[in-house]
Amino acid sequence: MSMASALRSLLAVAPAAPRSHWAPSSVLATRFVRAASSASSGPQDLVVIGGGPGGYAHAIKAAQLGLKVTCVEKRGTLGGTCLNVGCIPSKALLHSSHLYEDARTNFAAHGVVVKDVDIDLPAMMKHKDSAVSGLTKGIEGLFKKNKVTYVKGTGSLVAGGSGEGRQVKVSLIDGGETIIDTKSVTLATGSVPSGLPGLTVDEKKVITSDGGIALSKVPKKMVVIGGGVIGLELGSVWRRLGSQVTVVEYLDRILTGMDAEMAAAFHKILKRQKMDFKLSTKVTGADTSGDGVVLTVEPSSGGKEETLEADVVLVATGRRPFTSGLGLEEAGVEMDKVGRVVTDEHFRTSAEGVYAIGDIIAGPMLAHKAEDEGLVAAEMIAGGAAAHVDYNCVPSVVYTHPEVASVGKTEEQLVEAGVEFRKGVFPFMANSRARTNDVKGDVASGMVKVLADAKTDQLLGMHIVGPNAGELIAEGVFAMEYGASAEDIGRTSHAHPTLSEAVKEASMAAYGKPIHF
């Protein structure tokens, strides 16, 4: 075990850089629609506007720390986009569709004979909805357990309040209004899908991710606009279920921001799975007058136009912060150029007593990032020691098959920054567990890539394309949080046979040589 790593874990934990300076201000008018299970009782220490992964975790943590907390949520169910129409329902469909494709194409090679494999889309959707319903009710149970008051309605902070004197007005979904006195407010209102000029979303023929999890039948042809995480995940669902899927991406690669070598390897795998791509291509028009959609596209740099026909077009061009109607300008809450709320390192906005977390502030739009911020912000509001979120250690995952996972710096970022590093790569085709589970290269595709400082061997980044990558990346996250070296991972015992041995071998390749490749 590397002694240098132990020393780094003690010495190299630096506080996160502040996002901005803040100046006290006094007003906030927020509007957020929710339906109330109960009105809060008496003055509150904290009102959280938004009950998604950041907001509900923030509310629970603050209550556990002794604060009197109310959470205002407009949807009528807790969990936000992630639980209701995002992360959770899409993962249910990804799993179900993978089981179908596995049974149809791979079971026979394992000696499992299943005849007349078919899909029951309503049953698949029912399973998805059941998972969502159970989890949302579970959060309500956690609120009751931790004595968090849950209010469903439209919340707005009464203008003129500050410090101890804030008031939040809530227009209840069931009718009427209620006023909540509170010391602090945290904005956790999340994000919504970004649109595309010239395309009118009807969630039937032209859909966002919201419609992408709720189609009533499998389209024969689907065009996905955007080669990012959401587009590739939902495109994979419908391709497996029988759609001919074409991904149109403005840039010359998929998964912009992820390590280029890994994105290229993943791109090849998706093409082998019969997903079509038109890179460096932009959409210039759409005709929805017929039964389907006719898209007009051309090279991103300009050139000859062509048309693409589809039954359904999925617009997956990213997400934007949900800040409309929150009264931020009137409140004096500072916004940046892309519409995010500006906060300092303690999640304070420029309006006194108002905090913000999650998708509406800087950083990746990820549920676990929002949750991490919620927990840290709750500790700060409750008067605890100043903590921080290390954004370099927040992982990203694409839940396709194989999965793609990443944490830390990419090879391109290190080159651009002039950082000397060593790279270790280990393919899953040389991993015994992957090979025993494999059929037709389905499981053994991909690799683990480890990037370590050339002088200190400190882990700088880990990138995985392969089975269970979303679970395997946690080892890299933990190692980076504690300043571990590649040698630390390489000298740590990993059970055999496991997929995690690929992480160990890639780490060995970064500081020396692997054994099995």
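1. Helix α7 lies across β9 (221–225), β10 (244–248), β11 and β15, and α7 runs at about 165° to β10. Axes are lines fitted to C-alpha atoms, for helices over the stretch in contact, with angles from 0 to 180 degrees between N-to-C directions; contact means heavy atoms within 4.5 Å. Helices (H or I, at least four residues) and strands (E, at least two) are DSSP runs, numbered from the N terminus.

2. This is a predicted model, in which local features need pLDDT of at least 70, side-chain atom pairs count only at pLDDT 80 or more, and totals for chains, interfaces and linings use all residues. Residues are numbered from 1 along each chain as its sequence is written, and side-chain values use heavy atoms, with hydrogens and water left out.

3. The open sheet has five strands in the order β8-β15-β9-β10-β11, with parallel pairing. Its edge strands, β8 (206–207) and β11 (276–278), each pair on one side only. Two strands pair if DSSP finds at least two bridges between them. Two bridges link β8 to β15 (residues 312–315), where I207 has L314 as its partner.

4. Strand β2 (residues 69–72) pairs in the parallel sense with β1 (residues 44–49) over four bridges, and L46 stands opposite V69. Three bridges join β2 to the parallel strand β3 (residues 149–151), in which T149 is the bridge partner of T70.

5. The buried residues of helix α4 (residues 87–105) pack against α3 (80–85), α5 (121–145) and α7 (229–240). Buried means under 20% relative accessible area (1.4 Å probe, protein chains only); among these residues are L93, L94 and Y100.

Technical notes
The expected span of a helix is 1.5 Å times one less than its number of residues. Buried means under 20% relative accessible area, exposed over 50%, partly exposed in between (1.4 Å probe, protein chains only).
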